[in-house]
Amino acid sequence: MRTLKILTTMIAPIVIIACTNSRGNDSMKAAPSAAAAVNIPELPKRTAEFGDPAEYDHLLDTYDKAKIELRKDPKNNGAWLKLVEVFITDARVTGNAGKDYDAATSILDEIIAGSAKPAVREQAVTLKGVIRLSQHRFDEALALGQEAVKLDPHRAFNYGILVDANTEMGRYDTAVAMCDRMVGIRPDLRSYSRISYQREIHGDIPGAKQAMDMAVKAGVPGAEETSWCLVQLGGLYERSGDLKKAEGCYRNAIEQRSNYAFALAALGRIEGKQKKYADAERDIDAALKLMPDYAFHEELARVLKAQNKNDLYAAEVKSAEDALTGMTMNVDDPSKNGQGHSHRTGLEMARFLIEFKNDLDGALKQAQLEEKHRPDNIDVQTVLAAIHYAKGEYAEAKKYIDLAQRTGRKDAYMRCVAGMIAMKSGDAKAGKAMIAASFKSDPYQEHALVTVARKAI
């Protein structure tokens, strides 16, 4: 299943440093003020090396040049937008989303609130849409993507925002249409990776693998976005039960890009499934030292649990909870926001609570918050079905799983949950068949209900 990894997880790469062209270099009156120019946000210092050092040198060079330009002319929107791209890229590479996104958003809000020329406003709106996608604020991203397309209907980049936002809002037909528009304008890594996810959602796993492979081949070896696509391709193989090919993708990503946290964590997860626990701990620990992502803590917790290292397991679960809470936006009470303070994490928190805390009531509350935000999303509906099943509320569980299966997605977790619900709804034969099929496609499932499901067949 896809998670908040990125807070990336599901958002294909869409930012490249120095993509701002001459359209963004106008100096208009409503640009960020001179006062803002003397207080240019600082780029967070890195404590580890990510990828090729030359890549970071380029990032720093772009940042320094933009600062010099802004000291000469505080109203230079092109320089402000370059700074935004630097912060977004740094967040993506390092996982330092809180500070980086705060800095980028403060700049973008001033540009958008001003009287920027349409070309400048379009770039600012699009970049803010990128941030809102990463923060899982999909309704806001959708509105920003729609505005960006109105400002420039010929830019593939803008349709990418609409593909992702509509997908996460559960508007799958519209997402496919926007994907077609995007690839029609520019067939590249970004559009191919989105085609892959649309195919996966609609049950075409071979087609999804093919499209993601095309995305990898369209990318620059060693670039973060190419490595990201390699990890996604590995995930498709892993979710299909082919650990060997998945491992090959993850190792390839690490070979191309040293210290790639997502690939290291994924490799550790594979090693855990293969019962190579020492290797799994080593690789996930390496990922955590680079990026303390909550999902990496969860992966390590599963490895520790499999070895009955109960004290270490409990500590890792606590670390996962702290990391997840730390980036959570409290919709009801903003004063209780976490340090990342602007990420919606209802789905991720619901999954965490049901698997690691057995807190069904808390998980239901979190899932319902997410449902309020995006009621038609099939991942949200699947989790709601699982929670209601675990609570013994089988009619409600069936309602949600029926909705979740409407796209024909061949997801092992979804099929497993559907089978368990069918067994409790009077169709034991069909239910067992669905559960068996789910384990045939992915024998290595890891979720809260996996033990009960295995016993059921």
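Is T94 buried or exposed? Select T94 to find out: with a relative accessible area of 11%, T94 is buried, where buried means under 20% relative accessible area, exposed over 50%, and partly exposed in between (1.4 Å probe, protein chains only).

**Before going on**

This is a predicted model, in which local features need pLDDT of at least 70 and side-chain atom pairs count only at pLDDT 80 or more, while totals for chains, interfaces and linings use all residues. Residues are numbered from 1 along each chain as its sequence is written, and side-chain values use heavy atoms, with hydrogens and water left out.

**The whole chain**

Show the whole chain as a cartoon. The chain has 23 helices and zero strands; helices (H or I, at least four residues) and strands (E, at least two) are DSSP runs, numbered from the N terminus. Of the 457 residues in the chain, 58% are buried. Among contacts with a separation of 6 or more, 61% join residues 24 or more positions apart; contact means heavy atoms within 4.5 Å.

**Helix α3 and T94**

Select residues 77-94, which form helix α3. The 18 residues of α3 should span 26 Å at 1.5 Å a residue, and the end C-alpha atoms are 26 Å apart, which agrees. The expected span is 1.5 Å times one less than the number of residues in the helix. In α3, 17 of the 18 residues are buried.

Now return to T94, which is in α3. The T94 side chain makes two kinds of approach to the backbone: to the oxygen of D90 at 2.7 Å, and to the nitrogen of N96 at 3.1 Å. These are polar contacts, meaning pairs of N or O atoms within 3.5 Å; within protein, one must be able to donate a hydrogen and the other to accept it, and residues adjacent in sequence count only if both atoms are side-chain atoms. Beyond its neighbours within four places in sequence, T94 is in contact with R46, F50, D100, L290 and M291. Select E49 as well: T94 and E49 are 45 residues apart in sequence, and their C-alpha atoms are 9.3 Å apart.

After α3 comes G95, with a positive phi near 80 degrees.

Not counting residues up to four places away in sequence, F296 touches A261, F262, A265, I284, A287, L288 and M291.

**Helix α7**

Move to residues 156-169, helix α7. Its 14 residues should span 20 Å at 1.5 Å a residue, and the end C-alpha atoms are 20 Å apart, in agreement. Here 14 of the 14 residues are buried. Just after α7, G170 has a positive phi of about 85 degrees.

**Helices α11 and α12**

Select residues 224-239 (α11) and 243-256 (α12) together. Their axes are 7 Å apart, at an angle of about 170 degrees; axes are lines fitted to C-alpha atoms, for helices over the stretch in contact, and angles run from 0 to 180 degrees between N-to-C directions. The two helices are therefore roughly antiparallel, a label for angles over 145 degrees. Residues of α11 at this meeting include L230, V231 and Y237, and those of α12 include A246, C249 and Y250.

**Two loops**

Next, select N259, in the loop between α12 and α13 (261-273). N259 is not a glycine but has a positive phi of about 60 degrees. Its relative accessibility is 33%, so N259 counts as partly exposed.

Go on to K275, in the loop between α13 and α14 (277-290). K275 is another residue other than glycine with a positive phi, near 65 degrees. K275 is exposed, with a relative accessible area of 61%.

**The last stop**

Finish at V452 in helix α23 (residues 450-456). V452 is partly exposed, at 44% relative accessible area. Not counting residues up to four places away in sequence, V452 touches Y389 and M420. V452 and M420 are 32 residues apart in sequence, with 8.8 Å between their C-alpha atoms.

Notes:
Angles under 35 degrees count as roughly parallel, over 145 as roughly antiparallel, 65 to 115 as roughly perpendicular and the rest as oblique.
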